[in-house]
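I set down each cut-off where its term comes up.

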Amino acid sequence: MWTYDNYQALVAVKDMFQKIRCENAFDWFTVCRLFGMPSGKLAGRIQRMLRDGTEALRQGAITKLDAILDRLDDDAFGDILDAYLAATNPASPQFLEEPYGWVGLVWSSSRSDEIMIRSTAGRAHALTPDAAGRNPYGLLAAWNVSDAHLAREELGELFYHALELEPVRLRKFGSHLLEIKQDIETVLLRGNLLALSPWHEVKASRYEQRWVEPSETVPYEPSSMDFASHVTKIFTAFRK
């Protein structure tokens with residue numbers, strides 16, 4: 001039976017997927033990684049269904065809620081929750097193996113008017129340069145690509161010397177960052193370079209989860225990501 005606690009948990013989980021879709025919070029990529037790296041498009045679709053689900057639950061429209069849950073199941077929502085619970089297990093965290101090949105926008109609070117456009121054939125953490133002091137670099141946006149070297153060539157034609165070598169100075173109005181993100185995505189889409197997230201494979205056949213040992217990952221810190229109880233409540237209700 002769905003309870004008010006389930007409703008609150010549903011809202012919290014919806015907000016987590018909104019972070020992934022909008023890339024608008026400092027911990028968005030951490031949240032994305034804990035959920036097994038769903039794409040922004042998939043995260044947006046789940047966020048919208050969870051939004052509709054919270055409204056249906058608030059109205060007591062259980063038949064409508066059940067239909068929404070069926071659609072969520074088609075998008076591997078239960079498996080994605082499984083991945084989160086495994087990654088945030090304090091006793092023995094296990095993460096899904098991260099894909100290789102990334103393009104990202106890198107930013108530091110010490111240079112808030114500049115961004116770096118970087119690419120790597122490795123994993124996403126290689127996008128952020130090492131930085132000493134209190135102003136580390138973070139990811140404003142990231143795209144998993146099928147061919148990082150080709151992506152770099154294609155983006156080099158758009159950004160010329162700025163790609164990876166010099167920062168791009170942001171204009172004062174906030175829409176400039178959105179323009180850059182849209183330009184990058186357009187180039188990657190045109191070159192068919194965007195890689196599907198692992199969860200896209202679930203529709204055809206359940207994803208073969210490849211777990212990595214905790215020693216290969218950044219340790220889980222409960223104090224910085226305290227949503228496990230929300231996800232557990234949703235997972236329990238979803239599986240009933």
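I began with the hairpin, which E2 and E3 form with 5 residues between them; helices (H or I, at least four residues) and strands (E, at least two) are DSSP runs, numbered from the N terminus. The model is a predicted one, in which local features need pLDDT of at least 70 and side-chain atom pairs count only at pLDDT 80 or more, while totals for chains, interfaces and linings use all residues. I kept in mind that residues are numbered from 1 along each chain as its sequence is written, and that side-chain values use heavy atoms, with hydrogens and water left out.

**Entry: the sheet.** I found that E2 and E3 run antiparallel and are joined by 5 bridges, where two strands pair if DSSP finds at least two bridges between them. Within this pair I looked up Val-103, whose bridge partner in E3 is Ser-119. Strand E2 (residues 102-108) also pairs with E4, again in the antiparallel sense, over 7 bridges; here Val-106 has Leu-139 of E4 as its bridge partner, and Gly-104 stands opposite Ala-142 in E4. Taken as a whole, the open sheet has 4 strands in the order E4-E2-E3-E5, with antiparallel pairing. Strand E4 (137-144) and strand E5 (168-169) stand at the edges with a single partner strand each, so one side of each has no neighbour in the sheet.

**Entry: what covers the sheet.** I noted E2 as mostly covered, since 6 of its 7 residues are buried (buried means under 20% relative accessible area, exposed over 50%, partly exposed in between, with a 1.4 Å probe and protein chains only). Helix H6 (residues 148-159) lies across E2 and strand E3 (114-120) and runs at about 145 degrees to E3; axes are lines fitted to C-alpha atoms, for helices over the stretch in contact (heavy atoms within 4.5 Å), and angles run from 0 to 180 degrees between N-to-C directions. H7 lies across E2, E3, E4 and E5, at about 30 degrees to E4. I also checked Leu-189, found in helix H7 (residues 175-190), and it is exposed, with a relative accessible area of 53%.

**Entry: the cores.** Which residues have the most contacts inside the largest nonpolar core? That core has 41 residues, and the ones in question are Phe-17, Phe-29, Phe-35, Ile-46, Leu-50, Leu-72 and Phe-77; a nonpolar core is a set of buried Ala, Val, Leu, Ile, Met, Phe, Trp, Tyr and Cys residues joined through side-chain atoms within 4.5 Å. H3 gives the largest share of this core, 7 residues. I then followed Leu-50, which, not counting residues up to four places away in sequence, touches Leu-10, Val-13, Lys-14, Phe-17, Leu-72 and Phe-77. There is a second, separate core of 18 residues, which includes Ala-141, Trp-143, Leu-155 and Val-187.

**Entry: H1 against H3.** I looked up how these two helices pack and found an angle of about 155 degrees, with their axes 8 Å apart. H1 and H3 are therefore roughly antiparallel to each other, a term for angles over 145 degrees, with under 35 counted as roughly parallel, 65 to 115 as roughly perpendicular and the rest as oblique.
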